[in-house]
Amino acid sequence: MPYDSETKMTGPYFEARYSDGRTAAARDIRVALSKHGLLLRQDYPAGDEVWPYTSLTTAEPLSSHAIDALISNAAQPGASLFVPNGSFARQLAQLAPHLTTRAARRRAAVPWLITAAVIVAIAAAISAAQFSPARAIASMMPDKVRKALGNQAVRSLTKSKPSCMQAEGLAAVSAMTRRLSSGLDGGRTFNVTVVDLGLVNAFATPGNRIVLTRGLIEKAGSADEVAGVLAHEIGHAVALDPETGIVRAIGMSAAVELMFGGSGTVSNIGVLLAQLSYTRQAEAQADETALRLLEKAGISAKGFGQFFRRVNKEGDAGSDSAGGIAGMLRTHPPTAERIRRVDAANTYRATPALSPEQWQAMKAMCPKAAKEDG
Ligand SMILES: [Zn+2]
């Protein structure tokens with residue numbers, strides 16, 4: 001690890017989102033692990049700031065599998081810092097060992113923020129599941145807020161890039177979506193938006209919305225492959241992974257404010273959701289839901305596995321071709337473990353996810369589909 005004697009800094013800067021706790025909006029800043037504390041590099045007028053390691057608290061203990069860290073500072077109530085980087089979380093755990101799982105278990109809970117603590121206490125009481133305040137708060141998010149967040153996310157993405165509106169293509173997308181969601185309880189349906197972007201990506205937003213990119217449809221070799229990805233994203237939505245990710249990213253005080261009367265919006269929410277990665281456990285669970293939905297819909301799971309292989313193969317092929325799928329590799333790593341599980345799925349009677357005509361319509365639904373990406 002490089003050491004810069006001038007800044008007393010070890011290692012590089014990490015991208016982070018900072019929330020001051022007074023407004024619901026978070027902003028992007030850079031942080032570094034300096035000798036005595038976290039260095040928050042902020043532009044004028046705030047200036048740089050150091051959060052001493054000893055005054056740091058985390059709502060969830062840092063485990064060795066952490067993929068991100070949501071940190072607050074006892075000296076600055078309400079403010080929070082979200083760093084979506086596992087390597088950062090592990091380095092921080094070494095510098096501030098009181099934030100680790102083991103220390104937190106010994107000490108039980110650290111009082112952090114009264115509003116959040118009350119809600120967490122209620123949520124913990126009703127949820128015997130693994131103690132996760134972010135997930136507990138996400139589960140209490142009113143439908144109105146979910147809907148608003150989903151709309152905001154899709155709107156922010158389609159502002160610069162149009163969504164693909166060709167009628168037969170839209171019909172094919174909704175036919176596939178209906179077929180998959182028919183396996184869900186309670187008649188839950190999803191609204192899927194295809195964005196005219198060349199990079200390969202797919203993600204769920206709160207409020208029963210899912211975004212697919214043109215690049216993903218172009219990359220897929222069949223409608224069954226798209227169906228596998230779509231079923232996986234439905235799995236994330238059902239598990240409230242997008243909501244949980246947002247709560248972690250904006251900080252719990254901001255999330256509470258957003259949910260209870262706050263009129264705030266989440267800045268860059270589309271970009272945030274597109275870049276969020278989930279835990280291995282959340283990925284595995286979304287895969288399980290996907291396999292269940294595919295089987296109920298009578299769509300073969302082979303396409304799902306095929307898509308994993310395709311993404312992996314391109315990732316291995318080198319930086320040039322990996323450019324478009326880099327996001328997919330980072331946010332949904334198709335590990336050997338995942339491929340094994342999908343390959344081991346039940347076999348059952350299956351029909352193609354779409355007719356050949358529908359599949360052609362889906363591939364041609366974007367304005368740029370026939371041209372090179374600009
Ligand atoms: Zn996923």
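**Exercise 1.** How many disulfides does the count come to? Work it out on this predicted model, and describe what you find.

*Solution.* Start with the cut-off: a disulfide is a pair of cysteine sulfur atoms within 2.5 Å. The sulfur atoms of Cys164 and Cys366 are 2.0 Å apart, and these residues form a disulfide. The count comes to one disulfide. Next, look at its handedness: the torsion about the S-S bond of Cys164 and Cys366 is about 95°, so this disulfide is right-handed. Now place the two ends. Cys164 sits in the loop between α5 (143–158) and α6, while Cys366 sits in the segment after α17, so the pair ties together parts that are 202 residues apart in sequence. Finally, Cys164 and Cys366 are both buried.

**Exercise 2.** At what angle do the axes of helix α6 and helix α17 cross, and which residues make the contact?

*Solution.* First find the helices: α6 covers residues 167–181 and α17 covers residues 356–363. Their axes come within 7 Å and cross at roughly 115°. The crossing of α6 past α17 is left-handed. From α6, the contact uses Glu168, Gly169, Ala172, Val173, Ala175 and Met176; from α17, it uses Gln358, Ala361 and Met362. Sorted by type, the contact residues are six nonpolar, two polar and one charged.

**Exercise 3.** Is the aromatic pair of Phe304 and Phe308 stacked, edge-to-face or tilted?

*Solution.* The structure holds three aromatic pairs. One of them joins Phe304 and Phe308, with 4.7 Å centre to centre and 45° between the planes. Planes under 30 degrees apart count as stacked and over 60 as edge-to-face, so the pair is tilted.

Definitions and conventions
Residues numbered from 1 in each chain as written. Predicted model: local features only at pLDDT ≥ 70, side-chain atom pairs only at ≥ 80, totals over all residues. Heavy atoms only, no water. Axes fitted to C-alpha atoms, helices over the stretch in contact; angles between N-to-C directions. Helix = DSSP H or I, 4+ residues; strand = E, 2+ residues; numbered from the N terminus. Left-handed = near helix turned anticlockwise from the far one by under 90°. Contact = heavy atoms within 4.5 Å. Nonpolar A, V, L, I, M, F, W, Y, C, P; charged D, E, K, R; others polar. Buried < 20%, exposed > 50% of the residue type's maximum accessible area, 1.4 Å probe, protein only. Phe/Tyr/Trp six-rings, centres within 6.5 Å; stacked < 30°, edge-to-face > 60°.
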